[in-house]
Amino acid sequence: MRAGVIFRIGVTVSAIAIVETIVCGLAAAPIAGCWWWLTRWAATAPSAFRIAVLGMAAVPSYAAFALCLMAWSALLARLTGARTPAHVSMRIADFDWRLMTWVRYMAAIHVVRVLAGTFFRGTPLWTTYLRLNGARIGRRVYVNTTAISDHNLLDVGDDVVIGADVHLSGHTVERGFVTTAPVRIGSNVTLGLGCAVDIDVEIGDHTQVGALSFVPKHSRLSARTIYVGIPVKPLKQPPVHGARLRGRSSRPH
Ligand SMILES: CC(C)(COP(=O)(O)OP(=O)(O)OC[C@H]1O[C@@H](n2cnc3c(N)ncnc32)[C@H](O)[C@@H]1OP(=O)(O)O)[C@@H](O)C(=O)NCCC(=O)NCCS
């Protein structure tokens, strides 16, 4: 392996370790302070009371840590310039600085995903974190997935539902290259649970993507249409809800 590559990998791994240690330390500091105060406050109380108080404080403490982590991680990512470059194709074997910047961003996102995402996904706090970390997200957007990355390449309109375990990112890894491109989702869109959206996709307003569907790269999904399948295709005749339900019950077997 070339010396330049080893140097860049070394610098990147060190940067990730240092930045993430600082981020987690800053997020944990207020909670550590509270625990220090709590243990002193309860020092003279009976052991059973102390154990009960500290036990009850554990989960709220973790939630507070996770909350602080989202804020600090987004701030440090901004300060250190970690982000996904748009419209590039980066050869992994080169390990160039652009790729390394992307790796730092992905590492920061991953730490938050693992330590805070499970706790807060599907809440306005998760949407706020995504915004702070670079995503352009409209109002009343519900994001019930942690499998969302390259936040600075995501553009989401108002009143959007991103269902449970949707995979949404601005990069793909193919044939030894990391290729990036933005993803644009219009307003009033629903991405059904478990579907995957590839790079360079644009989804029109009022469109629904069915559960467990796959939207291939470079797709342009029309407005006011229902798409389903792998890869997605428009539903030929979007059903009228009441009529559809009535039709089912009388369908011949
Ligand atoms: C795609 C979807 C919007 C269609 O709902 P709908 O308008 O009520 O339509 P229907 O359920 O009557 O389905 C119409 C046809 O599409 C098919 N279909 C529905 N969802 C499908 C899917 N995910 N993949 C493949 N086919 C699907 C149905 O089998 C039906 O086919 P048929 O006409 O041959 O019988 C809905 O099925 C769906 O997947 N919604 C996602 C909801 C969701 O996950 N929200 C996020 C929550 S976290």
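Predicted model: local features only at pLDDT ≥ 70, side-chain atom pairs only at ≥ 80, totals over all residues.
1. Four residues, Tyr62, Phe65, Phe119 and Phe120, are joined into a cluster by ring pairs.

2. Over the whole structure, a search turns up seven aromatic pairs. Two of them are described here. A pair of aromatic rings is described by how far apart the centres are and by the angle of the planes.

3. Take Phe7 and Trp97. Their ring centres are 6.3 Å apart and the planes stand at 90 degrees. An angle over 60 degrees counts as edge-to-face, so the Phe7 and Trp97 pair is given that name.

4. Which parts of the chain does this pair link? Phe7 belongs to helix 1 (residues 3-41) and Trp97 to helix 3 (residues 97-120), so the pair connects distant parts of the chain, 90 residues apart.

5. Is Phe7 buried or exposed? Phe7 has a relative accessible area of 54% and is exposed, because the cut-off for that word is over 50%.

6. Tyr62 lies in helix 2 (residues 47-79) and Phe119 in helix 3. These two residues are 57 residues apart, and their pair too links distant parts of the chain.

7. Tyr62 is partly exposed, its relative accessible area being 33%. Phe119 is also partly exposed, with a value of 38%. Both residues belong to the cluster named in the opening point, together with Phe65 and Phe120.

Conventions
Residues numbered from 1 in each chain as written. Heavy atoms only, no water. Phe/Tyr/Trp six-rings, centres within 6.5 Å; stacked < 30°, edge-to-face > 60°. Helix = DSSP H or I, 4+ residues; strand = E, 2+ residues; numbered from the N terminus. Buried < 20%, exposed > 50% of the residue type's maximum accessible area, 1.4 Å probe, protein only.
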